[in-house]
Amino acid sequence: MAVIEVNHPLIQHKLTFLRDKNTGTKLFRETLNEIAGLMTYEATKNVQLQEVTVETPLMTTKAYTMPEDVAIVPILRAGLGMTEGITALIPTAKIGHVGVYRDEETLEPVYYYCKLPNDIAERKVLLVDPMLATGGSAIYAIDYLKEQGVKDIVFMCLVAAPEGIEKVVAKHPDVDIYAAKIDEGLDENGYIYPGLGDCGDRIFGTK
Ligand code: PRP
Ligand code: URA
């Protein structure tokens, strides 16, 4: 188990635009995807490469390619805002979707949709959601994936609250968590502070 804050200057610089309440939908979407791409670099660092043979202009040599058994699983809706940035780097990955929203009163996750690749149990899954707040949605999605037989899950988010991290680690110690920033905590409404507000609404312009 590992909890990794991806403390790269480019990521921290771009995160500032997402935090800024005056950032509009276009810049917010573009920047979220850019950060997701940059974080993918770190979150895939333990992937076992496949050895291949390639002909250079000079000779035949050993070389390496990414395994083809990767799946990206965004948690709907806000996870969709990271998907393009990741597929730009891992174009062969299959994409599954888990639809969970957080009840505004109880803060409990509510399931509404799922569609996964048929061979999901054999895939390395990069589960993505920009916000890890109470941890309820992430735990629900990880439970769900494990019920489908998935054994290798990495969770990637943008901003995480310590309370949520603690809960995910307690329930799923085998899942590594990558966050661009671990924030201070949760407010009385379960929002991450300082955070960046309601991420889904800011991506899709629904507020
Ligand atoms: C947000 C966010 C996570 C969840 C985090 O989704 O994208 O899925 O809340 O909160 P938690 O850790 O307390 O579960 P939301 O329910 O707002 O749905 P949306 O993505 O459709 O906007
Ligand atoms: N979901 C969000 O979009 N933002 C938060 O701060 C917490 C949950």
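Please keep in mind that the model is predicted.

Let me begin with ligand 1. Around this ligand stand 23 residues, and the closest are Ala 78, Arg 102, Thr 134, Ser 137 and Gly 200. By class, twelve residues of this shell are nonpolar, seven are polar and four are charged. Which elements each supply at least two residues of the shell around ligand 1? They are strand β4, strand β6 at residues 97–102, strand β9 at 131–132, helix α4 at 136–147, and helix α6. Helix α4 gives the largest share, with three residues.

I turn now to ligand 2. The residues around ligand 2 are Met 131, Ala 133, Tyr 191, Ile 192, Gly 195, Asp 198, Cys 199 and Gly 200. This shell divides into five nonpolar residues, two polar residues and one charged residue.

Met 131 lies in strand β9. Is Met 131 buried or exposed? Met 131 is buried, because 26 other C-beta atoms lie within 10 Å. Apart from neighbours within four places in sequence, Met 131 is in contact with Ala 78, Cys 157, Leu 158, Val 159, Ile 192 and Cys 199.

One of those contacts, Ile 192, is our second residue. Ile 192 sits in strand β13, which spans residues 192–193. Ile 192 is likewise classed as buried, since it has 26 other C-beta atoms within 10 Å. Leaving aside neighbours within four places in sequence, Ile 192 makes contact with Met 131, Ala 133, Val 159, Ala 161, Asp 183 and Leu 186.

Why does Thr 134 count as partly exposed? The reason is that Thr 134 has 19 C-beta neighbours inside 10 Å, whereas a buried residue needs 20 or more. Not counting residues up to four places away in sequence, Thr 134 touches Leu 107, Glu 163, Gly 164, Leu 186 and Gly 190.

Asp 198 is partly exposed, because 13 other C-beta atoms lie within 10 Å.

Next, I would draw your attention to helix α3, residues 80–87. Within α3, the residues Leu 80, Gly 81, Met 82, Gly 85 and Ile 86 are buried. The cover over these buried residues includes α2 at 25–43, β4 at 70–76, β8 at 124–128 and α6 at 199–204. As background, an α-helix has 3.6 residues a turn, so residues three or four places apart point the same way.

Finally, consider strand β2, residues 50–55. How many of the six residues of β2 are buried? The count is zero, and the strand is hardly covered. Strand β2 runs antiparallel to strand β3, residues 60–65, and six bridges join the two. Across this pairing, Thr 53 stands opposite Lys 62 in β3. Together β2 and β3 form a hairpin, with four residues between them.

Notes
Residues numbered from 1 in each chain as written. Chains lettered and ligands numbered in written order. Predicted model: local features only at pLDDT ≥ 70, side-chain atom pairs only at ≥ 80, totals over all residues. Near = placed C-beta within 6 Å. Nonpolar A, V, L, I, M, F, W, Y, C, P; charged D, E, K, R; others polar. Buried ≥ 20, exposed ≤ 12 C-beta atoms within 10 Å, placed from the backbone. Contact = placed C-beta atoms within 7 Å. Pairing = 2+ DSSP bridges.
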